[in-house]
Amino acid sequence: MEARKRCALSSLEVMLATLFVTMTIVSVTLIAVTITRSANTCPELTPPPSVTPSPDPRPPFLIGVGRADCTGPPAELPLMGYANPQQTAAGIHTRLFSRAFIIDDGRRRVVFVAVDVGMISQRLRLEVLKALRVKYGELYRQDNVVLSGTHTHSGPAGYFQYTLFMISSKGYLRSSVQPLVRGIVKSIDRAHGTVRPGRIYKNRGRVDASSVNRSPHSYRHNPQDERIRYDDDVDKDMVLLKFADADGDGIGLLSWFAVHAVSMKTTNRLVSGDNLGYAAYLMEKDKNPAALPGQAAFVAAFSSSNLGDVSPNVRGPRCVNSGLACDYLNSSCPEGGTKECQAFGPGEDMFDSTRIIGLNIYRKARELYADAADEVTGFIHSAHQWVNMTDVAVHVNDTHVATTCKPALGHSFAAGTTDGGGDLNFTQGAVEGDPFWDGIRDALLGQPSNRSQECHRPKPILFSTGEMNWPLPWHPEIIDIQILTVGSVAVVAVPGEITTMAGRRLRETVERELQSEGGFWDVDVVIAGLSNVYTHYITTYEEYQVQRYEGASTIFGPHTLGAYLLKFGELARAIAQVRPRFRRRGGGFSVPARFLRLSSVFLPLSLFFLVLRSIFSSSGFHARCSESGSDRELGGDVVTQDRVGSVPPGPPPPFFQKNLFNLLPAAQVDRKPDNSSFGEVLVQVLPAYRQGDVVSVTFVAGNPRHSGDVRDRSFVAVEMHDAASDSWTLVHTDASWETRYVRAPTTLTAAVSARLTERRACVRRQVPLAQRSRAPEQRHGGVAHPRERRRRVLQDQTLRPLQEHKRPATGHHALPGHVRRLPGHRRFLFPLTFEMDSGDVASSFSRGISFQSQQFAVSSVPRRSSSEGSFWWCCSSLLCFCIVIIFDRSNVRAKGTLSISLPHKSFIF
């Protein structure tokens, strides 16, 4: 009798068991019907040959764009790029800007910033990340933020923390660092504040007559069977991303094109964005013709790529003292050496060449932007690692393993290039040392170790920087490697100037590894050069053997590229191996992929979830491949992926606080001439001008180094008078291409000392043909040292801040459908979409159901409206509870309570 009592089932248990069996049968039947109706499946995850999926009406990304001025004091500061100590700033050609792009797929966010600067230094990146951490916590980190320099050679120097760069830049200059950090952070602030739903489209096209290989002798040492695969010895394709908001209006573009920004020559003394900066200026002006430079809503960025051996000086090199061709092997002249061998651009002078190259790039970008129709969809991933590049093992073949070396520069480094040669008697292509220079080096800096000389062979070492650590290390050893993927676009952040063929090999490696797990198709891999930290050049092993300038500047030895292929390949493989998940596109139905492959014990529950999805989905239960190939859709559900977690972070780089030195003399006190004042006109404009004339006027001006933060201000204003309304309109500032702000004198020589009491600034403006009917007025915003009374001739032209976007307290952008893990719950977390009526108003809720043996917890977030009733919702909830009871009777008997809270109703079972 007792045994019979123990075996007897209560009426409630019988009812629940019957309901469970019934629902299981219904689930199996419905799944069989829906699968039979489905005609197209995608079992191999291969793209359909002829069927194009209908576009999702909801934008797949949140996007934001922002731009900010990052110009520093345009006087006396050294310019970065040519390592010419005489090349110091003496005015403004165009202002420098930082342009930021934020992309968010609802789960992860990445930031790409293109900065009008020579390159991104490690110190600059660390300072920016530090400032972002203060403002945003862990939202913007080293793994999801890429900073890339456009490589203009007419931007400020002095933002490095390693000795070699500090020597060539007159130290670590806070007057250079602070405008850059503040400008970059402000551009990210503005992009963050404009984040909105939007779409991204990609396009690719060829830019002709804008680039040539400046080291063809090195390029031709690459294997012939590799070279014949390409039509050119430089990459002429531009890759462009078009950013559009939910209404289809364009808000920005981001492009990559391989060309050195050296149209402005070594003789230039004006701060300038060079050819890429001019292309950005034209594109932004094209989209916002009424806006002043730097104030347009549309943001256009032209980023650097694999430009290591690519020059914009398309007419090639020749000896300027004789007009004859330079020596092909070492790019030198019989008289004058490498200094006299100079390459020339397509224009009459460097300003005209900058205009022509920038115009070519802009025209192609405008064409690609207008025709961009290939939408980027998929998921966002970012992978980052710090790597000690001084001892990376590289497998040369099956039997031989080589390593990278401690940093060192070769003799040909001092020879420079045809874009800017050195002053001493060094030549390119030197594979043997010079006893004279080697003796001076040994006496001053010490002799390189035998190990370094052997490791770098055939490079004759001029500076063994990896063995020089006073007062600080001369070169970085810990470097950043990073990859961002946005759908089918992969951005490889390369910490240096990588040559054409080296970049091609890197792209192939990353593409192969991304596709190794079948998760990426038709990947567009782009090289973002000069990103995150600067390590000079990266050549192929074959190019390194020639030891031209690029090979001599490959500081980690002949196997540098091999090490980068290895490390970037590991990052790409880690992204490709991220575990997939099924997620409803709107954030609703989400089940781990492995859950669908559980044992037969959980089969009824698995079928139940699939049936719910098939019932409530407008498209029914089906499978199809996404167009991008980076995700898979299953009944409106797409395969999502977890965070990249298999890559160790690596050793962090140093952040030096001591021994940073400053060799730049303090700015002297400005003293105006007797019987004059700051801003007074010394040379007035003429009463009349013809078409094509240059309007020039000279003012008494102070030293811009005394002006403090000069960002978002202008030293120049060009206003036009409207006779009808008798009013003046500001048409140009010193950020305009049409103006040049030139300050004299430029250096602290004897002539400067004699002229300290009479500083002058000259404003030059070429009158465009379309503006001859109005009378121009030119003004100069000159300032004096605080000891003198300051007179402002022009009100500061400041950018109006965009609307700030408050960051959620959770540290990431909250989206509908995000599921929060409940404390104490197990890892089975299923965001389901249930449709139910709530009173007279139909509403839908996305609920995170956490499966436990003891209880269910349901959280609700308002979702879109629907007319589905609550019947299926109640049945599904009851069925889940039945499963809990059946699989864990003892625990449920003790704590078998299901509590479901909704905005308007509460149910307790």
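The following dialogue treats the reading of several features of a predicted model.

Reader: Which conventions apply to this model?

Author: The model is predicted, so local features need pLDDT of at least 70 and side-chain atom pairs count only at pLDDT 80 or more, whereas totals for chains, interfaces and linings use all residues. Residues are numbered from 1 along each chain as its sequence is written, and side-chain values use heavy atoms, with hydrogens and water left out.

Reader: How many helices and strands does the protein have?

Author: Helices (H or I, at least four residues) and strands (E, at least two) are DSSP runs, numbered from the N terminus. The protein has 19 helices and 45 strands.

Reader: What share of the 909 residues is buried?

Author: Buried means under 20% relative accessible area, exposed over 50%, and partly exposed in between, with a 1.4 Å probe and protein chains only. Buried residues account for 58% of the 909 residues. Contact means heavy atoms within 4.5 Å. Among contacts between residues at least 6 apart in sequence, 76% join residues at least 24 apart.

Reader: What is the strand order of the open sheet of four strands?

Author: Strands of a sheet pair through backbone hydrogen bonds, either parallel or antiparallel. Two strands pair if DSSP finds at least two bridges between them. Here the order is β17-β24-β25-β27, with mixed pairing. The edge strands, β17 (380-388) and β27 (524-528), each pair on one side only. Axes are lines fitted to C-alpha atoms, for helices over the stretch in contact, and angles run from 0 to 180 degrees between N-to-C directions. Neighbouring strands of this sheet are turned by 15° against each other on average, direction ignored.

Reader: How many bridges join β24 to β25?

Author: Five bridges join β24 (residues 478-486) to β25 (residues 489-493), and the two strands run antiparallel. V486 has V489 in β25 as its bridge partner.

Reader: Which strands does helix α12 touch?

Author: Helix α12 (residues 500-514) packs on the sheet and touches β24, β25 and β27. Its direction makes about 135° with that of β27. Helix α3 (residues 122-136) lies across β17 and β24, running at about 60° to β24.

Reader: Is S331 buried or exposed?

Author: S331 counts as buried because its relative accessibility is 8%. S331 is found in the loop between β14 (316-319) and β15 (341-344). N659, in the loop between β33 (637-641) and β34 (681-683), counts as partly exposed, at 47% relative accessibility.

Reader: Where is P471, and which residues is P471 in contact with?

Author: P471 is found in the loop between β23 (461-463) and β24. Leaving aside neighbours within four places in sequence, P471 is in contact with T163, N659 and F661. P471 and Y162 are 309 residues apart in sequence, yet 9.1 Å apart in space, C-alpha to C-alpha. At 21% relative accessibility, P471 counts as partly exposed.
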